[in-house]
Amino acid sequence: MSNKAKVIASVILVSVVTIAIYFPSFWHLFRGETYPYLLETKGDNSLLSLITHYFNYEKIRIYNPGDTLLFRPLLFTIMGLEKFLFGLNYVGWHIAS
């Protein structure tokens, strides 16, 4: 078996095991920071708007404001992208995560 075939087989094995382990969680409802984020962005579905208006989401939060000193632009950019792609389909969110 060549190195390329071993790498492909390893990737397939890891993917199958990961999907099998996480499969039950694909149907969990939103929780944590995702739920208040979706409440805040309920009327906004534009990718550009979701990224530019909410990348510093901690500063503008209304629901469950938490720590206003946090700055996590990558997290909220990814959440904006997921909302744009999947809307409120939590299964899509969980599979992408």
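What share of the contacts in the protein with a separation of 6 or more comes from residues 24 or more positions apart? Such residues account for 51% of these contacts, a contact being defined as heavy atoms within 4.5 Å. The structure is a predicted model, in which local features need pLDDT of at least 70 and side-chain atom pairs count only at pLDDT 80 or more, while totals for chains, interfaces and linings use all residues. Residues are numbered from 1 along each chain as its sequence is written, and side-chain values use heavy atoms, with hydrogens and water left out.

The protein contains six helices and zero strands, and its elements run α-α-α-α-α-α from the N terminus on. Helices (H or I, at least four residues) and strands (E, at least two) are DSSP runs, numbered from the N terminus. The C-alpha trace spans about 55 × 25 × 25 Å along its principal axes. The radius of gyration is 17 Å, whereas a compact globule of 97 residues would have a value near 13 Å; the radius is taken over C-alpha atoms, and the globule rule is 2.2 Å times the number of residues to the power 0.38.

Of the 97 residues, 24% count as buried. Buried means under 20% relative accessible area, exposed over 50%, and partly exposed in between (1.4 Å probe, protein chains only). The protein exposes about 6800 Å², of which carbon and sulfur atoms supply 70%; accessible areas come from the Shrake-Rupley method with a 1.4 Å probe, and for residues only the protein chains shown count as cover. The mean positions of the 8 positive and 6 negative charges are 10 Å apart.

Helix H1 covers residues 3-22 and includes Ile21. Ile21 is exposed, with a relative accessible area of 60%. Its C-alpha atom is separated by 35 Å from that of His53, 32 residues away along the chain. In the loop between H1 and H2 lies Trp27, which counts as partly exposed at 44% relative accessibility. Leaving aside neighbours within four places in sequence, Trp27 is in contact with Tyr90 and Val91. The C-alpha atoms of Trp27 and His94 are separated by 7.9 Å, although the two are 67 residues apart along the chain.

Helix H2 spans residues 34-40 and contains Glu40; Tyr35 also lies in H2. Tyr35 counts as partly exposed at 49% relative accessibility, and its C-alpha atom is separated by 11 Å from that of Met79, 44 residues apart along the chain. Glu40, by contrast, counts as buried, at 16% relative accessibility. Beyond its neighbours within four places in sequence, Glu40 is in contact with Tyr54, Tyr57, Ile60, Arg61, Ile62 and Tyr63.

In helix H3 (residues 47-54), Ser49, Leu50 and Tyr54 are buried. Seen down the axis of H3, these buried residues fall within an arc of 100°, so they line one face of the helix. The arc is that of the directions from the helix axis to the C-beta atoms. Tyr54 is also among the contacts of Glu40.

How values were computed: Lys and Arg count as positive and Asp and Glu as negative; His and the chain ends are not counted. The place of a charge is taken as NZ of Lys, CZ of Arg, CG of Asp or CD of Glu.
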